[in-house]
Amino acid sequence: MYTQAMDTLGKEAALAPVPHSADEARLQARFDARIDAGEFIEAKDWMPEHYRKTLVRQISQHAHSEIVGMLPEGNWVTRAPTLKRKAILLAKIQDEGGHGLYLYSAAETLGSSRDEMLDALHTGRAKYSSIFNYPTLTWADMGVIGWLVDGAAIMNQVPICRCSYAPYARAMVRICREESFHQRQGYDALLTMMQQGTEAQQAMVQDAVNRWWWPALMMFGPPDDQSPNSALSMRWGIKRISNDELRQKFIDATVPQAELLGVTLPDPDLQWNAERGHFDFGPIDWAEFWQVVGGDGPCNRERLGARVQAWEEGAWVREAALVHATRNEH
Ligand code: FAQ
C-alpha cells in the first residue's frame, strides 16, 4: 500500500565527533567517502564509534518496540470475533516476535550482546516506541493498529531497507514485506466493520481512530528541529528521510484511505493545501509525547512489568536450552 522514493539522503553538515589520531582521521575519511558513494557497511568493516553506538541504539530500540508491541495485541487473541481473525492476529503477533529476533541479531553484529540490550530495556534505560504505551480497549483497536500503526511503521521502515548498515538493511526487507500484510489485514478488518457492521460497530471503529490517530503521528519522532540524532543519522545514511517528511507522507497517504473507510480523522485543521501539494494538519501535543517517552504514559508500567515478568519466568527455558546445547556438543 505504501511505496516511496528511498534516495532523499540529507547532506547536512552534521557534526561528527573529532577523530583522536591521524590514523582514525584517515579511516574516518575513507568511511565518509564510502557513505557518500552509497556503499553499504558490513559488520567487519571499520566504522566510527558514534556510528556504531547510534546503530545499536536505534536497532535495539526498534527490536524492543517489536517485542513490547506484541503485548497490546496479545490482549485480544482470546477475544477475536472469528476463527479467521484469530488466526490472522496470532500470525501477526508471531511475525512481530520474529522481527524482534532479526533486529536483535542485527544489533549483535555491532558487538552488543542480547543480554545487555534486554537489561537496558528491563531497567528502563532503553526506549521503545511510544505507541505501545496506549491501551487496546476494543476489537476495533486491532484493526486500527494494523491500519495506522503498521502503516506508520512501513512509512518509516521502507527507507531503512537502504540504511547504510547492511545487516540492518537486510533485516528490514523481510520485515517490511510482513508489515505490509499487517497493514492490509488491519484495513480489511476495519472495512468489514464499516461496510457490514452494525451502527455500534461503526462507532467503535470511529472511537478507535480518534484514540490512535495522534499517537500514530508521534511515532515518527519529534519535529526535525528538535531531533538531536537526525543530523548525523542522515549524514551517515542511517536515516534517509526526516521525521517530519515521513509524517507528512503518512498523512498524505492515509487521508484518502480514511475517506474510503468512511471514518473521520480527529483533526479539524486537516485540509488539502494545493500550494504545498500536501495536507495541512493541526498541532501535535509534544508534551504528551515526551511524557510517554519519559515513562509516564497510560500503560508504560504495565508493559515493562509484563516484559520483566516474562523474562524472569522464562529463565528455566533459557537455562534448559543452554544445557541441551552443551550436551549436544559432546
Ligand atoms: N517513541 O533524535 P530523534 C512497529 C526518541 S516498530 C519513543 O528523532 P532518532 C512495528 C529517540 O529514541 C516501531 N521514543 O531519534 C509494530 C531519541 O531518544 P534517544 C518502532 C522516541 O532515533 C507495529 C529522542 O526521542 N520503529 O511499530 C520516538 O533519530 C504494530 C529524540 O528523537 C522503529 O524503531 C518514539 N516514537 O529517530 C509492532 C524504527 N521517537 O534514543 C507491533 C526505527 C523518537 O536519543 C504492532 N527507528 N524517540 O534517547 C527510527 O526510525 C528512529 O529511531 C525514530 C526516532 C524515527 C523512531
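Reply: Start with contact: heavy atoms within 4.5 Å. This is a predicted model, where local features need pLDDT of at least 70, side-chain atom pairs count only at pLDDT 80 or more, and totals for chains, interfaces and linings use all residues. Residues are numbered from 1 along each chain as its sequence is written, and side-chain values use heavy atoms, with hydrogens and water left out.

Me: Which residues does Arg-303 touch, not counting those up to four places away in sequence?

Reply: Arg-303 touches Val-68, Leu-71, Pro-72, Tyr-128, Phe-132, Asn-133, Tyr-134 and Pro-135. Arg-303 sits in helix H12. Helices here are DSSP runs of H or I with at least four residues, numbered from the N terminus.

Me: Is Arg-303 buried or exposed?

Reply: Relative accessible area decides. Under 20% is buried, over 50% is exposed, and in between is partly exposed (1.4 Å probe, protein chains only). Arg-303 has 6%, so it is buried.

Me: Where does Asp-45 lie, and what does its side chain reach?

Reply: Asp-45 is in the loop between helix H1 (22–36) and helix H2 (49–68). Its relative accessible area is 16%, so Asp-45 is buried. For its partner, think of polar contacts: pairs of N or O atoms within 3.5 Å. Within protein, one atom must be able to donate a hydrogen and the other to accept it; residues adjacent in sequence count only if both atoms are side-chain atoms. The Asp-45 side chain reaches the backbone nitrogen of Glu-42 at 2.8 Å. Leaving aside neighbours within four places in sequence, Asp-45 also contacts Arg-34 and Phe-40.

Me: What about Asp-296: where is it, and which residues does it touch?

Reply: Asp-296 lies in the loop between helix H11 (286–293) and helix H12 (300–313). Its relative accessibility is 39%, so Asp-296 counts as partly exposed. Beyond residues up to four places away in sequence, Asp-296 touches Gln-291 and Arg-301. The side chains of Asp-296 and Arg-301 form a polar contact of 3.3 Å. Asp-296 and Asn-133 are 163 residues apart along the chain, and their C-alpha atoms are separated by 8.9 Å.

Me: Now helix pairs. At what angle do H7 and H10 pack?

Reply: Axes are lines fitted to C-alpha atoms, for helices over the stretch in contact; angles run from 0 to 180 degrees between N-to-C directions. Helix H7 (residues 166–196) and helix H10 (residues 243–261) pack at about 30 degrees, with axes 10 Å apart. So H7 is roughly parallel to H10. The cut-offs: under 35 degrees is roughly parallel, over 145 roughly antiparallel, 65 to 115 roughly perpendicular, the rest oblique. Gln-183, Tyr-187, Leu-190, Leu-191 and Met-194 of H7 meet Gln-257, Leu-260 and Leu-261 of H10.

Me: How does H7 cross H8?

Reply: The axes of H7 and helix H8 (residues 199–218) come within 7 Å and cross at roughly 140 degrees. That makes H7 oblique to H8. Handedness is the next idea. A crossing is left-handed if the near helix is turned anticlockwise from the far one by less than a right angle, right-handed if clockwise. The H7 and H8 crossing is left-handed. Leu-190, Met-193 and Met-194 in H7 meet Gln-202, Met-204 and Val-205 in H8.

Me: Which hand does the crossing of H2 and H5 have?

Reply: H2 and H5 cross right-handed. The contact uses Ser-60, His-64 and Val-68 of H2 and Met-117, Leu-118 and Leu-121 of H5.

Key
Helices (H or I, at least four residues) and strands (E, at least two) are DSSP runs, numbered from the N terminus.
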